[in-house]
Amino acid sequence: MSIADLKLHANVSELLLYLKCPRQVYYTYREQTLMPNISSGYIEHMMLKELAMGYADVVKKAKPTKESILEELSAEFKRVKDELDFIYSTELKNVQFNVIETAQKNVFDLLDDIATNISDAIIKSNKDEVIQSIVHHRTEPVLHSERLKLTGIPSAIVQYNEKMVPLTIRTGKCPEKGVWGNDRLHIAALSMLVEENVGETVEFGFVEYAKEGKIRKVKVRPEDRRQVLKIRDRVDKIKDGYLPERKEGKICEHCNFTQFCTTKSTLASKFF
Ligand code: SF4
């Protein structure tokens, strides 16, 4: 089945978009592009994502000391700097070098903290445990389930204690404990897809908070699964033509749909 065919079903990124604003699902599905602002912050996000893909290698190569981890992390950072414009050639096409330079400096400034947190994780559990929770068995596989009517691409599938489980890399702030609500839902949706693809129950997944080098294990609860199915149905309805209520909030200030996102919703959509 081609990616174009899979587009007919809801995908996990649409579920996440729905959590931000249901109307953004409506407009993006109708070929309106939600243009990312290629700021230094956005490039920082790309760099952190690429850097985090290499954390397992960093842990494998380094001695279990912060200094050794920092040394390997710096080598990984250099690789990301050198390869970024090959990986994101379209996005970085017209970006001024000083914008890229600012992002590079910001990510470089995070390396010390990341090394500290990875080293703490090794001390708390052990090197093999850390590697196992983040080493990629498959990177960014396209997962689809006809039964679930859902498609999604996890950052990776990892093999943890003989179980295949999803891993997602997030580049925002890491919460004090556990994971953010949206990340929990993301892992639930991806776990359901992995389950359908490997034919085994998936009870947990991992969120890797790249900016701080922290790894959080997330248990998938029945209510998370219920929520995934509920939002999937709402996304399907929106794709069928249902215009949801306009969300009024700070998010609208930075949304490029603002200019035409004025149509009043129907009374029914208030209860949607
Ligand atoms: S302008 Fe606001 S309500 Fe409309 S799509 Fe954007 S974020 Fe959603």
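How many helices and strands does the secondary structure of the protein chain come to? The count is eleven helices and eight strands. The legends below refer to a predicted model.

**Figure 1. Overall dimensions of the protein chain in the predicted model.** Taken along the principal axes, the C-alpha atoms fill a box of roughly 60 × 45 × 35 Å. The radius of gyration of the protein chain is 20 Å, which agrees with the value near 19 Å that a compact globule of 272 residues would have.

**Figure 2. Crossing of helix α2 and helix α9.** Helix α2 covers residues 12–20 and helix α9 covers residues 181–198. Their axes come within 10 Å and cross at roughly 160°. Because angles over 145 degrees count as roughly antiparallel, α2 is roughly antiparallel to α9. The crossing of the two helices is right-handed.

**Figure 3. Residues in the contact of α2 with α9.** On α2, the contact is made by V12, L15, L16 and L19. On α9, the residues taking part are N182, L185, H186, A189, L190 and L193. By residue class, the contact of α2 with α9 divides into eight nonpolar and two polar residues, with no charged residue.

How values were computed
Residues numbered from 1 in each chain as written. Predicted model: local features only at pLDDT ≥ 70, side-chain atom pairs only at ≥ 80, totals over all residues. Heavy atoms only, no water. Axes fitted to C-alpha atoms, helices over the stretch in contact; angles between N-to-C directions. Helix = DSSP H or I, 4+ residues; strand = E, 2+ residues; numbered from the N terminus. Parallel < 35°, antiparallel > 145°, perpendicular 65-115°, else oblique. Left-handed = near helix turned anticlockwise from the far one by under 90°. Contact = heavy atoms within 4.5 Å. Nonpolar A, V, L, I, M, F, W, Y, C, P; charged D, E, K, R; others polar. Rg over C-alpha atoms; globule rule 2.2 N^0.38 Å.
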